[in-house]
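Hello,

Here is the structure I promised to pass on to you. Please have it open while you read the notes that come after it.

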Amino acid sequence: MSRRKASLHRAAKMKVVYIAGPYTATKQTGKHINILAAKLVAQQVWLHGHAAVCPHLNTADFEEAGPTQEVPHHRWIEGDLAILARCDAVILLPNWELSLGATQEAMFAMSQKKPIFYWPNVEGLWVAAGKG
């Protein structure tokens, strides 16, 4: 098999994993800690052979400056759910249940019967990638 065909074969087998967890916080430093936590998990997903979708990084700080600061919160959630609909699985970060957005994402994933993993207990996801 050519290198290109092998790459396409691997890509077709990759899972696309959505990272859900708290984004907002009472202080700016808390928000940045939440973004960093999501980023570190997304990096682990990539290292274990899956593709990560990390909404924390997709729109980090968009609500603070420029024209997107006027976007209502529900629009961010709707967009995240549209992305989540296209993913194969979800990882819920610690304290996800304290976040309105992450709770909505978890409920949506459940309604779509998507596999849900609770960080750091994601061994089943790694096994699915052959990296157990």
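Below is what turned up in it, from the whole chain down to single residues.

**The whole protein**

Please keep in mind that this is a predicted model. The protein has six helices and four strands. Reading from the N terminus, their order is α-β-α-β-α-α-β-α-β-α.

On overall dimensions, the C-alpha atoms fill a box of roughly 50 × 30 × 30 Å along the principal axes. How does the radius of gyration agree with that of a compact globule? For 132 residues such a globule would have a value near 14 Å, and the protein has 16 Å, which agrees.

Of the 132 residues, 36% are buried. Among contacts with a separation of 6 or more, 72% are between residues 24 or more positions apart. The protein exposes about 8200 Å², and carbon and sulfur atoms supply 59% of that area. As for charge, there are 14 positive and 10 negative side chains, with the centres of the two sets 16 Å apart.

**Two aromatic pairs**

Rings count as a pair here if their centres lie within 6.5 Å, and planes over 60 degrees apart make the pair edge-to-face. Planes under 30 degrees apart count as stacked, and the rest are tilted. By this rule there are two aromatic pairs.

One of them is formed by Phe 62 and Trp 76: the ring centres are 6.2 Å apart and the planes are at 65°, so this pair is edge-to-face. Phe 62 sits in the loop between helix 3 (55-58) and helix 4 (73-84), while Trp 76 belongs to helix 4, so the pair ties together parts that are 14 residues apart in sequence. Phe 62 is partly exposed, at a relative accessible area of 36%.

Trp 96 and Tyr 118 also pair, with ring centres 6.3 Å apart and planes at 45°, so they count as tilted. Trp 96 is in the loop between strand 3 (89-92) and helix 5 (100-111), and Tyr 118 is in strand 4 (residues 116-118), so this pair ties together parts that are 22 residues apart in sequence.

Which residues is His 56 in contact with, leaving aside its neighbours within four places in sequence? They are Ile 19, Ala 20, Gly 21, Pro 22, Tyr 23, Asn 34, Ile 35, Ala 38 and Leu 93.

Leu 125, in helix 6, is also buried, with a relative accessibility of 3%. Setting aside neighbours within four places in sequence, Leu 125 is in contact with Val 17, His 50, Ile 91 and Phe 117. From Leu 125 to Ala 106 there are 19 residues in sequence and 17 Å in space, C-alpha to C-alpha.

Ile 33, by contrast, counts as exposed at 56% relative accessibility. Its place is in helix 2 (residues 28-47). Ile 33 and Arg 10 are 23 residues apart in sequence, and their C-alpha atoms are 33 Å apart in space.

**Backbone points to look at**

Some background first: most residues other than glycine have a negative phi, and most peptide bonds are trans.

- Trp 119 and Pro 120 are joined by a cis peptide bond, with omega about 10°. Pro 120 is in the loop between strand 4 and helix 6 (123-128).
- Asn 95 is not a glycine, yet has a positive phi of about 70°. Asn 95 lies in the loop between strand 3 and helix 5 and is partly exposed, at 43% relative accessibility.
- Lys 113, also not a glycine, has a positive phi of about 60°. Lys 113 is found in the loop between helix 5 and strand 4 and is exposed, with a relative accessible area of 74%.

Enjoy looking around!

Best wishes

Methods
Residues numbered from 1 in each chain as written. Predicted model: local features only at pLDDT ≥ 70, side-chain atom pairs only at ≥ 80, totals over all residues. Heavy atoms only, no water. Phe/Tyr/Trp six-rings, centres within 6.5 Å; stacked < 30°, edge-to-face > 60°. Helix = DSSP H or I, 4+ residues; strand = E, 2+ residues; numbered from the N terminus. Buried < 20%, exposed > 50% of the residue type's maximum accessible area, 1.4 Å probe, protein only. Rg over C-alpha atoms; globule rule 2.2 N^0.38 Å. Contact = heavy atoms within 4.5 Å. Areas by Shrake-Rupley, 256 points an atom, 1.4 Å probe, with all protein chains shown as cover. Lys, Arg positive; Asp, Glu negative; His and termini not counted. Charge placed at Lys NZ, Arg CZ, Asp CG, Glu CD.
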